[in-house]
Amino acid sequence: VTAARDMAREGLVTGSVGNVSARTAGGFLITPTRVEYERMTADGLAFVGLDGAAASGSGEPSRESPLHAAIYRARADVGAIVHTHSVHATAWSFLPEPLGPPIEEIEYYGIGPIRTSEPAPAGSLALAGNAVLALGGGLAALLGRHGVVSVGATPQEALTVARVVELQAHVAWLLRGHAT
Ligand SMILES: [Zn+2]
């Protein structure tokens, strides 16, 4: 809940868009759909199994739960996932070219190359599968024509990666059209 509020306060998402999850026994806790982050409580989080099926919790899980489930199934090292629509990174996700040149923080945080997934409808299994492919063994990917997904051991770590992706995309836009 703290990471989700930080994400919203920092302008990485608008309103209740975006989502945050953390792995728990047998699945993960995820932010509920259509709840403003400032009103969100830990009790309102939704539990979803690794198969993507909502099991319990008072909140209705985010529509991007299939994305989170697919990443947790593919990556045993991932403890938390953040999904944002931060402006520069989202804009770059519409381009058919890799995000770069890499800034210092990409290496510092061990994020790896940031690839862009094939576009697919929000909330779909196709989006989830495409995101897993783009993520590979790295810590972040752009979702084609959509936004950002980042991972880490904790929600705060995944949020840090999401911040770096936005910084990287902002720098990339500023450099666009200049020789690097
Ligand atoms: Zn989204």
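**Strand β5 and the zinc site**

In the predicted model, Ser86 lies in the loop that links β5 (80–84) to α3 (87–92). Ser86 is buried, its relative accessible area being 1%. When neighbours within four places in sequence are set aside, the contacts of Ser86 are Leu12, Val148 and Glu166.

A zinc ion is coordinated by three histidines through their NE2 atoms: His83, His85 and His146, at 2.0 to 2.1 Å. Along the chain, the donors are spaced as H-x1-H-x60-H. Two of these ligands, His83 and His85, were examined for accessibility. His83 has a relative accessible area of 1% and is therefore buried, the cut-off for this class being under 20%. For His85 the value is 31%, so this residue is classed as partly exposed, a class that spans the range between the 20% cut-off and the 50% above which a residue counts as exposed.

His83 also belongs to the pattern of side-chain directions in β5. Ile81 and His83 point one way from the strand, while Ala80, Val82 and Thr84 point the other way, and all are buried. β5 is accordingly described as mostly covered, with five of its five residues buried.

Strand β5 is paired with two strands. With β1 (residues 19–24) the arrangement is antiparallel and comprises four bridges; within this pairing, Ala22 is positioned opposite Ala80 of β5. With β7 (residues 147–152) the pairing is likewise antiparallel, and five bridges are found between β5 and β7. One of the residues involved is Ile81, whose bridge partner in β7 is Val151.

Ile81, located in strand β5, has a relative accessibility of 0% and therefore counts as buried. Apart from neighbours within four places in sequence, Ile81 is in contact with Asn19, Val20, Ser21, His68, Ile71, Tyr72, Val149, Ser150, Val151 and Ala158.

Key
Residues are numbered from 1 along each chain as its sequence is written. This is a predicted model: local features need pLDDT of at least 70, side-chain atom pairs count only at pLDDT 80 or more; totals for chains, interfaces and linings use all residues. Side-chain values use heavy atoms; hydrogens and water are left out. Donors are N, O and S atoms within 2.8 Å of the metal (3.2 Å for Na, K and Ca); water is not among the atoms, so sites may look incomplete. Buried means under 20% relative accessible area, exposed over 50%, partly exposed in between (1.4 Å probe, protein chains only). Contact means heavy atoms within 4.5 Å. Two strands pair if DSSP finds at least two bridges between them.
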